[in-house]
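Open the model in your viewer and keep the selection panel at hand.

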Amino acid sequence: MSFAIEVPGEAAPLSQWELVKALAGAATSTDHNQRQSASQQLQSWEADPNYYTHLQTIYLDTSQDKQVRFLAIILLKNGIDKYWRHTAKHAIKPENKQLIRSRLLQGSLNEEDRTFALHNALVTAKIVRIDYPNEWPDAFSTLIEMTKAANASNPLHLRGALLVLLRIVKELGTARLRKSQTALQAITPELVQLLGGIYTEKTTYWQELWRGGHGDDATAGFAVENSLTALKILRRLVTVGYEQPHTDAMVCGFWSLSQSQFDQFLNGASQDSWIPAPHHDMVGKHLIQFTKLHIDMSEMHPASFPMLPDSIPLVKGYWNLVKGFSDVFGKSGGIRQTSSETAGGNPKHEGPLYEKLALKGLLLLRSCVAIAYHPVQTFKYRSPEVKELEKQAVNTLKEELLARGMLLDMVQVIISKLFIFRKSDLDAWEEDPEEWESQERTEGQAYEWAVRPCAERLLLDLLTHYKELGEPLLAYCHLATKADMDIVTKEAAYCALGCAAAVIYQSFDFDQFLTTSLVKDVQIQDPMAKLLRRRIAILLSQWISVKISQPNRHVVYDIFRHLMNPDDQHNDEVVRITAARQLKAIAEDFEFDGESFYPFAADIFNLLVNLLQEVDNDETKLAVLETLRLIVTRMESHISQFGDAIMLTLPKLWESAATEEYMIKQSVLAIMSALVSSMRVESQRYQGTIIPLLREAMNPESALHLHLIEESVELWKAILTQSSPLLNPDLTQMIQLALPLLEYDSAVAIQCLEIVKNYILLAPQEILSDAFRRPTLTALAKTLDSKSRDQSQLGAKSIELVIRVAEELGGVQGVSVVVQDLLEINVLRTVLEGLHSAWESSQTTGPNRKPSKINTIKETDYFALLARIALADPALLVTMLTSFGSPIEQVWSWLSTQWFANFDCMGDVEREKLSCLALTRLWELPGPMQDLVLAHLQDYLSMWTSVVTEMADATSGEVLGAQDSLVWAEVGRYEYDTPLDVHEREFAAKDPVHRVVTFEFVRARLADLVQRVGGEQAFEANWAVNVDREVLAGFQRLSQPGGLVDD
């Protein structure tokens, strides 16, 4: 038995031999431990300055094992992203970069394996994107010279050079930095000239070879491959390398060549052609590149496209190709999206070449309609000439291409031939129902690679901009009402009817059609009935928001119930999933009524839940869950009868979801949130079921925590909103999970703040307990420094609320405990330092003015906290102010000045009244505060007059002081109040701000102080004499009837 211990990879020094050994272990070893150890060793060498040069050396050594070489070039490619830029940690040294650059091109030119050459080209392209033109100014010139030499001598070298050029052009063409775009545009003319020559030479060679038998057949494969690569590069260069392609002669020449060769190659790619069968696919790829060129030009240069030579005839030629294909559409095998990917990472699409070209023709027509009616919006400056060119392009397309005859022809061909459901479509349906339904849905991307969905989109585009096309289409749709029409044709007619809904709704009686035709069609018993049933579900979702009367809504609900019934053999998985998905549109409609849906709700809920158990695709599950959530939301209180059944299912669905299936759990939480909001108070009985799931989702140690946090917080808020004191103990304990989230600057943090605020209202005793009080205040204190204004304000209001509930439950003693906590966690120090900073700023002017640490909004929030303390116990405020070591006279001097000045910035009458009452309570205190407040008598009188006047109606004729708009005679109740709303309003009614008449409150304390200073005469002689007459007169008018009088 061996007890040898493998030395960790970090212990081995880097050498080329050691690197080959590690690469072989990671790439070829069958032992997992050896592979893992080798991978760790390779990772530890990444910081070594010679690591990447050694990797390149090993890749270039063709005597090495292929897997070793392949891993070496992959690691080199990954290292470019991480360490090539000079700002990166452990960046590759300049001398090593120079060595790597000097050997890059030979890594593709001399490489026989195309895959290896491609990955080396990717490395080269990444480096060029970073280094050109500054660090590698001769990159293109060197590559151009190598390409010219290779073209003259070696087709293998030419293939490698073209691969490198293709990847570089792709890399620079997708770059957002202006530097990269400018660099590519500067070199584009030279590249187009070079590649145009190569392309013409190679295509001429293999055409002559196959047409006349001249040339070397052994090199034909290289020639057609290199011409295809050159065409790929040219396609990109002429679209991204020019600002106005139609003004360049080379581009116009290449554009004309693409049209003439399109016809040649299309004829050659047909059966019994001059092109040998093994090369049909490569020539077909040339045709696809031409179509991409034409589509890209129309999308990227909409103003230039119509101005290029024969562009309008080109589009018409594409339409003729589509028309020709439409005659054989029913027999075509269809295009399939496969699981494999192209070199660019996009999914591959397999199918007949003729059908692919017809699809590209439809996409080009859609692009032309977009140019005419959806001009690209840009912030980029455009000269008057460019604007005129764009206008001319739009007019050219509208007048020369989108003429009425062309439009009618397009509509007729689309609805009569391209909407036909083919055998290939049915085969794809039955092969993988869920996948097919997901790809075919309205919101899917099938139109990008399938003819039928693309034809639907094109028809929608045409009907959107040409309303008059509804007339011939309406005549066709009337045929759909004939009972003797076969199912496939009727399905196509219904498809057209759905597309035309927004155009023909005034001329077509859909309600009658619904009750006389659709109700019968949905019950047809035929092997192809499922096609029609799926289409009817889609058709109803398209018309529901356009024109279906309220009395007929129950017919729609009944049809959907029927379509989701699994006991009907014609309702296969696609029909039921489609119905479940389209039911969302029915529930989303503005006129959806929960009461009318109620008779169907039980059956439909059961059918949706049962469907969830049958489907496997996560996207499909999410779609069904979203429909369920929306129905729960829209039924509002009517959902109560089904709450138990839903809540019985959701925990099971939660448990059945795998650990990584967080999206399913997100939907479960969203449905629970909707259910709680709809059932309102009745939802409290489900808290025992919801809280454990909510706690699991909010657990910070859970891998799903971050994925579920938004839905969890929404549900948590909904539960608290529908709760009343006393809270469920398990729900109360959950506050600990909210506190750590308060300090984050995010929307979730603000929602958690609202949750904490709700806890303060609903569970005040628990919040004020020793277990929660200090942690809650500490967490709230951190929000005061938040950069988010909303977060900071809500945090201050929550602390203010803690002070209020402390007074409510514990009186002055309770407030003193909270104030002591605020002192110990430095909240009050932060408040006073901020206010002092604001005062210092107000005392200085000019360029040397001291900036304030807080803005006026935060200043108002801080004064509100002090006001709450003073309103509860003014002596407690004075004690707190002196606890930092300064005498009260010194603190009050600047604090009172700033506090009175802040009234002009409060902007909230409730806050003004709060501060007014708090400052007035200080008049109850003996010396030294008595003399300090009297010293600010004019400020007090001005404040009282201002606040009382603001809360009074000056036109009522009553005594101003007797009025106070903030005093609530009774607590209002409203229809849609939640339990939290009611409790919050009842608690607010106990606030002195809403209970005390300001002027009476002020007059009582003023009278008391007047007596304490020796009576009215002494008060007037010693204190009132220092007040301006206008200020005194304004205050005296508060006790006189008749409102304000003119000065």
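**Stop 1: a helix pair**

In this predicted model, select residues 404-418, helix H17, together with residues 451-465, helix H20; the two pack at an angle of about 145°, and their axes are 10 Å apart. The crossing of H17 past H20 is left-handed.

Now show the side chains at this contact. On H17, pick Leu 407, Met 410, Val 411, Ile 414, Ile 415 and Leu 418. On H20, pick Val 451, Arg 452, Ala 455, Leu 458, Leu 459 and Leu 462. Coloured by class, the contact of H17 with H20 shows 11 nonpolar residues, one charged residue and no polar ones.

**Stop 2: the whole protein**

Zoom out and switch to a cartoon view. How many helices and strands does the protein have? There are 51 helices and two strands. Along the principal axes, the C-alpha atoms fill a box of roughly 125 × 80 × 80 Å. The radius of gyration is 39 Å, whereas a compact globule of 1047 residues would have one near 31 Å.

The accessible surface of the protein comes to about 46,700 Å², and carbon and sulfur atoms account for 50% of that. Of the 1047 residues, 53% are buried. If you display contacts between residues at least 6 apart in sequence, 74% of them join residues at least 24 apart.

**Stop 3: two cis peptide bonds**

Select Tyr 132 and Pro 133, which are joined by a cis peptide bond with omega of about 5°. Pro 133 sits in the loop that runs between helix H7 (114-131) and helix H8 (139-153).

Then move to Pro 725 and Leu 726. The peptide bond between Pro 725 and Leu 726 is also cis, and its omega is about 0°. Look for Leu 726 in the loop between helix H33 (705-721) and helix H34 (729-733).

**Stop 4: two positive phi values**

Select His 90, in the loop between helix H4 (66-83) and helix H5 (94-104). His 90 is not a glycine, yet its phi is positive, at about 60°.

Finish at Asn 826, found in the loop between helix H39 (789-824) and helix H40 (827-843). Asn 826 is a residue other than glycine with a positive phi, near 70°. Its relative accessible area is 40%, and Asn 826 is partly exposed.

Terms used: Residues are numbered from 1 along each chain as its sequence is written. Side-chain values use heavy atoms; hydrogens and water are left out. Axes are lines fitted to C-alpha atoms, for helices over the stretch in contact, and angles run from 0 to 180 degrees between N-to-C directions. Helices (H or I, at least four residues) and strands (E, at least two) are DSSP runs, numbered from the N terminus. A crossing is left-handed if the near helix is turned anticlockwise from the far one by less than a right angle, and right-handed if clockwise. Contact means heavy atoms within 4.5 Å. Ala, Val, Leu, Ile, Met, Phe, Trp, Tyr, Cys and Pro count as nonpolar, Asp, Glu, Lys and Arg as charged, and the others, Gly among them, as polar. The radius of gyration is taken over C-alpha atoms; the globule rule is 2.2 Å times the number of residues to the power 0.38. Buried means under 20% relative accessible area, exposed over 50%, partly exposed in between (1.4 Å probe, protein chains only). Accessible areas come from the Shrake-Rupley method with a 1.4 Å probe; for residues, only the protein chains shown count as cover.
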